[in-house]
Amino acid sequence: MQTDQVLNHLKKHGQLLDLEIASATGIALPQVRKVLADLMARKEISQCSVTHFNGNKRVEGFQCRISGYVPPVAPGRKAGKSVSSD
(Lines give C-alpha, C1' and ligand atoms only; values in the text may rest on other atoms or scores of the structure.)
Protein backbone atom coordinates (compact mmCIF):
# COMPACT_ATOMS: atom_id res chain seq x y z
CA MET A 1 0.00 0.00 0.00
CA GLN A 2 2.69 2.51 0.99
CA THR A 3 4.78 1.57 -2.05
CA ASP A 4 1.90 2.46 -4.36
CA GLN A 5 1.27 5.69 -2.46
CA VAL A 6 4.92 6.81 -2.73
CA LEU A 7 5.15 5.79 -6.40
CA ASN A 8 1.94 7.63 -7.31
CA HIS A 9 3.11 10.73 -5.44
CA LEU A 10 6.37 10.73 -7.42
CA LYS A 11 4.47 10.26 -10.69
CA LYS A 12 2.22 13.19 -9.87
CA HIS A 13 4.82 15.62 -8.52
CA GLY A 14 8.05 14.62 -10.28
CA GLN A 15 11.46 14.76 -8.64
CA LEU A 16 11.26 15.09 -4.84
CA LEU A 17 13.32 14.70 -1.70
CA ASP A 18 12.52 11.86 0.68
CA LEU A 19 11.68 14.47 3.33
CA GLU A 20 9.11 16.06 1.00
CA ILE A 21 7.56 12.67 0.21
CA ALA A 22 7.30 11.83 3.91
CA SER A 23 5.62 15.11 4.83
CA ALA A 24 3.22 15.06 1.88
CA THR A 25 2.10 11.44 2.27
CA GLY A 26 2.09 11.32 6.07
CA ILE A 27 4.36 8.26 6.13
CA ALA A 28 7.25 8.24 8.62
CA LEU A 29 10.65 9.08 7.10
CA PRO A 30 12.30 5.72 7.96
CA GLN A 31 9.39 3.90 6.29
CA VAL A 32 9.61 6.16 3.21
CA ARG A 33 13.32 5.40 2.93
CA LYS A 34 12.59 1.67 3.17
CA VAL A 35 9.97 1.96 0.40
CA LEU A 36 12.38 4.00 -1.75
CA ALA A 37 15.09 1.36 -1.29
CA ASP A 38 12.61 -1.31 -2.45
CA LEU A 39 11.59 0.76 -5.49
CA MET A 40 15.25 1.40 -6.27
CA ALA A 41 16.00 -2.34 -6.12
CA ARG A 42 13.15 -2.94 -8.60
CA LYS A 43 14.57 -0.12 -10.78
CA GLU A 44 11.27 1.78 -10.77
CA ILE A 45 12.93 4.94 -9.48
CA SER A 46 16.36 6.51 -9.57
CA GLN A 47 17.77 8.31 -6.58
CA CYS A 48 20.86 10.14 -5.46
CA SER A 49 22.03 11.35 -2.09
CA VAL A 50 21.80 15.08 -1.43
CA THR A 51 23.14 17.31 1.34
CA HIS A 52 21.50 20.66 2.10
CA PHE A 53 22.48 23.24 4.67
CA ASN A 54 19.88 25.26 6.58
CA GLY A 55 22.07 27.82 8.26
CA ASN A 56 24.60 25.69 10.15
CA LYS A 57 22.37 22.61 10.19
CA ARG A 58 23.33 19.83 7.77
CA VAL A 59 20.36 17.95 6.24
CA GLU A 60 21.05 14.75 4.32
CA GLY A 61 18.47 12.97 2.22
CA PHE A 62 17.66 11.32 -1.08
CA GLN A 63 16.34 12.94 -4.21
CA CYS A 64 14.12 10.59 -6.20
CA ARG A 65 12.31 10.46 -9.52
CA ILE A 66 10.61 7.88 -11.69
CA SER A 67 13.12 5.95 -13.84
CA GLY A 68 13.05 6.75 -17.52
CA TYR A 69 10.36 9.41 -17.15
CA VAL A 70 10.61 12.35 -19.50
CA PRO A 71 8.01 15.05 -18.85
CA PRO A 72 5.89 16.16 -21.80
CA VAL A 73 6.90 19.26 -23.72
CA ALA A 74 5.25 22.41 -22.44
CA PRO A 75 2.71 24.02 -24.76
CA GLY A 76 3.56 27.20 -26.63
CA ARG A 77 6.17 28.44 -29.01
CA LYS A 78 9.62 26.87 -28.98
CA ALA A 79 12.95 28.34 -29.86
CA GLY A 80 14.38 26.93 -33.02
CA LYS A 81 15.70 27.80 -36.43
CA SER A 82 14.47 31.03 -37.84
CA VAL A 83 13.50 30.77 -41.46
CA SER A 84 14.02 33.88 -43.51
CA SER A 85 11.92 34.38 -46.60
CA ASP A 86 14.24 35.70 -49.31
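Q: Is Asp 18 buried or exposed, and what is its relative accessible area?
A: Buried means under 20% relative accessible area. In this predicted model, Asp 18 has a relative accessible area of 0%, so it counts as buried.

Q: Which element holds Asp 18, and which residues does it touch beyond four places away in sequence?
A: Asp 18 is found in helix H2. Leaving out residues up to four places away in sequence, Asp 18 touches Leu 29, Val 32, Arg 33, Leu 36, Gly 61 and Phe 62.

Q: Which residues of H2 are buried?
A: Asp 18, Ile 21, Ala 22 and Thr 25 are the buried ones in H2. Viewed down the axis of H2, they fall within an arc of 100°, so they line one face of the helix.

Q: What do the buried residues of H2 pack against?
A: Their partners are helix H1 (2-13), S1, H3 and S3.

Q: How is the packing of two helices described?
A: The description uses the angle between the axes and the distance between them. For helix H2 (residues 18-25) and helix H3 (residues 29-41), the axes come within 9 Å and cross at roughly 115°. The crossing of H2 past H3 is right-handed. On the H2 side, the contact is made by Asp 18, Leu 19, Ile 21 and Ala 22, and on the H3 side by Leu 29, Val 32, Arg 33 and Leu 36.

Q: How many residues of the contact of H2 with H3 are nonpolar, polar and charged?
A: Six are nonpolar, none is polar and two are charged.

Q: What backbone feature is found just after H2?
A: Gly 26 takes a positive phi of about 80° there.

Q: How do strands of a sheet pair?
A: Pairing is through backbone hydrogen bonds, either parallel or antiparallel. Here an open sheet of three strands, with antiparallel pairing, has the order S1-S3-S2. S1 and S2 stand at the edges with a single partner strand each, so one side of each has no neighbour in the sheet.

Q: How many bridges join S1 to S3, and how many join S2 to S3?
A: Strand S1 (residues 16-17) pairs with strand S3 (residues 57-66) over two bridges, in the antiparallel sense. Strand S2 (residues 45-54) and S3 are also antiparallel, over ten bridges.

Q: Which residues of S3 are the bridge partners of Leu 17, His 52 and Gln 47?
A: Leu 17 has Gln 63 as its bridge partner in S3. For His 52 the partner in S3 is Val 59, and for Gln 47 it is Cys 64.

Q: What is found between the strands in the hairpin of S2 and S3?
A: Two residues lie between the strands of this hairpin, and Gly 55 takes a positive phi near 70°.

Q: Which strands do H1 and H3 lie across?
A: H1 lies across S1, S2 and S3, and runs at about 85° to S3. H3 lies across S2 and S3, and runs at about 140° to S2.

Q: Where is Lys 43 found, and is it buried or exposed?
A: Lys 43 is in the loop between H3 and S2. The cut-off for exposed is over 50% relative accessible area. Lys 43 has 68% relative accessibility, so it counts as exposed.

Q: What separates the C-alpha atoms of Lys 43 and Ile 66?
A: Their separation is 9.0 Å, with the two residues 23 residues apart along the chain.

Definitions and conventions: Residues numbered from 1 in each chain as written. Predicted model: local features only at pLDDT ≥ 70, side-chain atom pairs only at ≥ 80, totals over all residues. Heavy atoms only, no water. Axes fitted to C-alpha atoms, helices over the stretch in contact; angles between N-to-C directions. Helix = DSSP H or I, 4+ residues; strand = E, 2+ residues; numbered from the N terminus. Left-handed = near helix turned anticlockwise from the far one by under 90°. Contact = heavy atoms within 4.5 Å. Nonpolar A, V, L, I, M, F, W, Y, C, P; charged D, E, K, R; others polar. Pairing = 2+ DSSP bridges. Buried < 20%, exposed > 50% of the residue type's maximum accessible area, 1.4 Å probe, protein only. Arc of directions from axis to C-beta.
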